[in-house]
Amino acid sequence: MPSHVPTITAFERSPDRGRGLARDLRVRWALEEVGQPYEVRLLSFAEMKEPGHRAIHPFGQVPTYEAGALALFESGAIVLHIAERHAGLLPQDPDARARSIAWMFAALNTVEPPIFERALATILERDEPWYAARLAKLEDAIRLRLGDLARRLGESEWLDGAFSAGDLLMVTVLRRVAGSPLLDAHPNLAAYVARAEARPAYRRAFDDQLAVFTAASDGG
Ligand code: GTB
């Protein structure tokens, strides 16, 4: 067990209005799953771009993770670091562990890109004359990925044996399309997301990030 209480960074006022779509949620959730207390440093958009923060995060973003001499950026790398140092998020068996890590990469590298691009397009490209065509292409790409993922998951509870960091990242990715026909076309995936969201560690992580947004709103 590391002796330092880690500090993570998160939006001072998340543009998602507390829906838990920013990537600090996956780091909070991983820390909650392994029972590691942590502190949070909240940053404004301006503070993220200052040299002090860029020394930790080259792209001037959140989340970051600091513990002792270690400073990390990239939510996937942070979740992997937490999972490697604590029991509970990766299997002990080396082959099963490698497969869970493959699911972590699959979540971030194969499933998240079209889902995140679609979310960005709906905000940034809505007024472009080619918006409808672009949206249709992105949704085709999402449908392809979710169809394959749904077939692989089948009626299993989790992607590969016990709940792992692979499920944690996959669920944070799928939450972006939760409640949409893209996800609801696959009842097993919708149930998978709901199952993960029912975990006490997820609830604590979600509630903590929501409390940040609520406090910021109350404070004007
Ligand atoms: N690959 C990096 C990682 O996984 O850590 C990506 C980090 C990232 O995109 N960070 C975003 C950020 O700091 C916050 S999570 N953006 C500020 C900036 O770039 O200046 C992405 C995000 C932002 C907003 C919403 N939202 O409003 O719904 C959801 C997710």
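Modeller: The charged end of Arg199 lies over the ring of Phe163, 3.7 Å from the ring's centre; the criterion is NZ of Lys or CZ of Arg within 6 Å of the ring centre and within 35 degrees of the ring normal. Over the ring of Trp158 sits the charged end of Arg195, at 5.6 Å from the centre.

This is a predicted model, in which local features need pLDDT of at least 70 and side-chain atom pairs count only at pLDDT 80 or more, while totals for chains, interfaces and linings use all residues. Residues are numbered from 1 along each chain as its sequence is written, and side-chain values use heavy atoms, with hydrogens and water left out.

Rings of Phe, Tyr and Trp (its six-membered ring) pair if their centres lie within 6.5 Å, and a pair is stacked with planes under 30 degrees apart, edge-to-face over 60 and tilted otherwise. Counted in this way, there are seven aromatic pairs. One of them joins Phe11 and Phe45: the ring centres are 5.1 Å apart and the planes stand at 35°, so this pair is tilted. The two partners are 34 residues apart, Phe11 in strand β1 (residues 7-11) and Phe45 in helix α2 (residues 45-48). Helices (H or I, at least four residues) and strands (E, at least two) are DSSP runs, numbered from the N terminus. Phe11 counts as buried because its relative accessibility is 17%, whereas Phe45 is partly exposed at 48%; buried means under 20% relative accessible area, exposed over 50% and partly exposed in between (1.4 Å probe, protein chains only).

Trp158 and Phe163 form an edge-to-face pair, with 5.0 Å centre to centre and 75° between the planes. Trp158 is buried, with a relative accessible area of 7%, and Phe163 is buried with 9%. Trp158 and Phe163 also belong to a cluster linked by ring pairs, together with Trp29, Tyr192, Tyr202 and Phe206.

An α-helix has 3.6 residues a turn, so residues three or four places apart point the same way. Contact here means heavy atoms within 4.5 Å.

As for the setting, the protein chain has ten helices and four strands, in the order β-α-β-α-α-β-β-α-α-α-α-α-α-α from the N terminus on. Its radius of gyration is 18 Å, close to the 17 Å that the globule rule gives for 220 residues, so the chain is as compact as a globular protein of that length; the radius is taken over C-alpha atoms, and the rule is 2.2 Å times the number of residues to the power 0.38. The C-alpha atoms fill a box of roughly 50 × 45 × 30 Å along the principal axes. Of the 220 residues, 48% are buried. Among contacts between residues at least 6 apart in sequence, 69% join residues at least 24 apart.
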